[in-house]
Amino acid sequence: MGREARSAKKNRTTAARGKSNLAELPFAPEEVPRRLLTWYGVHGRDLPWRKTRDPYRIWLSEVMLQQTTVAAVIPYYERFLQRFPRLPDLAAASLDDVIQLWAGLGYYSRARNLHQAARQIVSAFAGRFPNQFDDLMTLPGIGRSTAGAILSLAFDQPVPILDGNVRRVLVRLFAWEENPRSSRAEKQLWSWAERLTPVERPHDYAQAIMDLGATLCTPGTPNCSLCPLDSLCVARQRGLSELLPQKPQKKVVPVRHQAALLISFEKTLRVVQRPPEGLLGGLWEFPVVSVPEDSSAGQAVCSWLDSAGLQQKVEFIGEIRHIYSHFRLTLEVYVVTVTDQDAATHLSGRWCPVDDLPALPLHGAHLKALQLYRQRSSVDD
């Protein structure tokens with residue numbers, strides 16, 4: 001068989017496979033965007049980032065919404081744009097300024113990637129936001145779904161998305177009963193997402209399917225009776241709506257035990273900035289002592305103070321429990337009062353006036369430690 005004949009056979013086989021995939025869909029694919037767009041025209045949410053086609057602002061919202069609720073994002077989004085209304089403003093800012101605005105939103109690698117990507121757009125794309133998929137995928141923090149969201153929402157290109165809400169809609173719509181995060185599921189869900197994304201009005205379709213997952217096709221108990229895809233949904237037909245997506249086995253969440261040292265001199269406290277990369281990168285905290293399993297926090301603190309050459313008054317003021325994404329933290333808080341500022345200047349970090357600390361991007365557990373300290377100080381006053 002010649003090369004041309006083999007090529008023709010391959011093309012026929014590919015075409016036949018495509019027709020087979022079409023036949024495997026339990027409904028006409030155009031029904032999904034038709035119904036969703038009709039529903040969205042009446043029930044679409046009024047959100048700040050819906051009022052713009054500026055790719056910078058859409059990108060910012062997409063990054064902030066990763067692993068975070070809409071209600072939590074809105075005030076951060078608005079404050080961020082007041083400070084950095086345009087992409088060049090973000091690119092010209094210091095990372096510390098960006099982290100400070102992000103403090104409290106969590107998953108701080110998002111802020112670092114956002115800042116780095118803004119600078120890359122300025123240097124590599126002359127400040128013009130890329131409108132091609134391959135270009136977007138070169139930017140830090142932008143994956144396939146975020147790239148698709150930017151292209152569909154900002155540039156009205158028919159590119160699929162697969163965020164958490166869309167994933168859940170598709171799992172139920174097609175009754176995917178396997179692990180929804182497996183590589184096999186990833187391939188199939190992206191295939192379905194691509195098949196359903198319309199050429200006409202891809203911007204509105206992307207908003208509509210995300211809204212459906214956020215408002216009706218929610219985790220736990222979906223509101224199937226109001227869903228525009230109700231009669232198409234295979235999970236609904238099989239009585240599986242509340243059982244899908246398949247829930248992963250719960251992982252044992254490790255617990256870390258630490259002591260925070262609020263080293264105090266007059267009306268200042270010693271603070272240390274975390275490394276820019278890694279967990280809580282770039283945020284500030286008080287000096288921390290890890291507490292071994294076979295020791296108490298008091299013993300660990302005394303040992304640390306001895307090694308640091310600080311023989312000072314130490315006072316325990318409370319315990320904090322704080323939950324991070326991958327572990328739980330038990331933090332015992334101690335005030336170490338020094339009478340000579342020079343006694344602690346050899347330690348890393350710097351002195352910060354107590355009244356200035358609320359403006360410093362302290363991470364969650366150490367913000368609570370500061371609150372304990374201020375409550376204790378108000379009582380002493």
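**Figure 1. Cavities in the predicted model.** The structure holds 2 cavities of 30 Å³ or more. A cavity here is a set of points, on a 1 Å grid over the protein atoms alone, where a 1.4 Å probe fits but cannot get out. Grid points are joined across faces, edges and corners, and a volume is the space filled by probe spheres set on the points. This is a predicted model, in which local features need pLDDT of at least 70 and side-chain atom pairs count only at pLDDT 80 or more, while totals for chains, interfaces and linings use all residues. Residues are numbered from 1 along each chain as its sequence is written, and side-chain values use heavy atoms, with hydrogens and water left out.

**Figure 2. The largest cavity.** Its volume is about 130 Å³. Of the 14 lining residues (those with an atom within 4 Å of a point), Arg172, Cys217, Cys224, Cys227 and Cys233 are the closest to the centre of the largest cavity. Helix α10 (residues 164-173) gives the most to this lining, with 3 residues; helices are DSSP runs of H or I, at least four residues, numbered from the N terminus.

**Figure 3. Residue classes around the largest cavity.** The lining has 10 nonpolar, 2 polar and 2 charged residues. Ala, Val, Leu, Ile, Met, Phe, Trp, Tyr, Cys and Pro count as nonpolar, Asp, Glu, Lys and Arg as charged, and the others, Gly among them, as polar.

**Figure 4. The second largest cavity.** This cavity has a volume of about 70 Å³. Its lining includes Ser152, Val159, Pro160, Thr197 and Tyr205. Two or more residues each come from α10 and α12 (202-215), and α12 gives the largest share, 4 residues. The lining divides into 10 nonpolar, 2 polar and no charged residues.

Notes:
1 Å grid on protein atoms, 1.4 Å probe; cavity = no way out; pocket = protein on both sides within 12 Å on 5 of 7 lines; lining within 4 Å.
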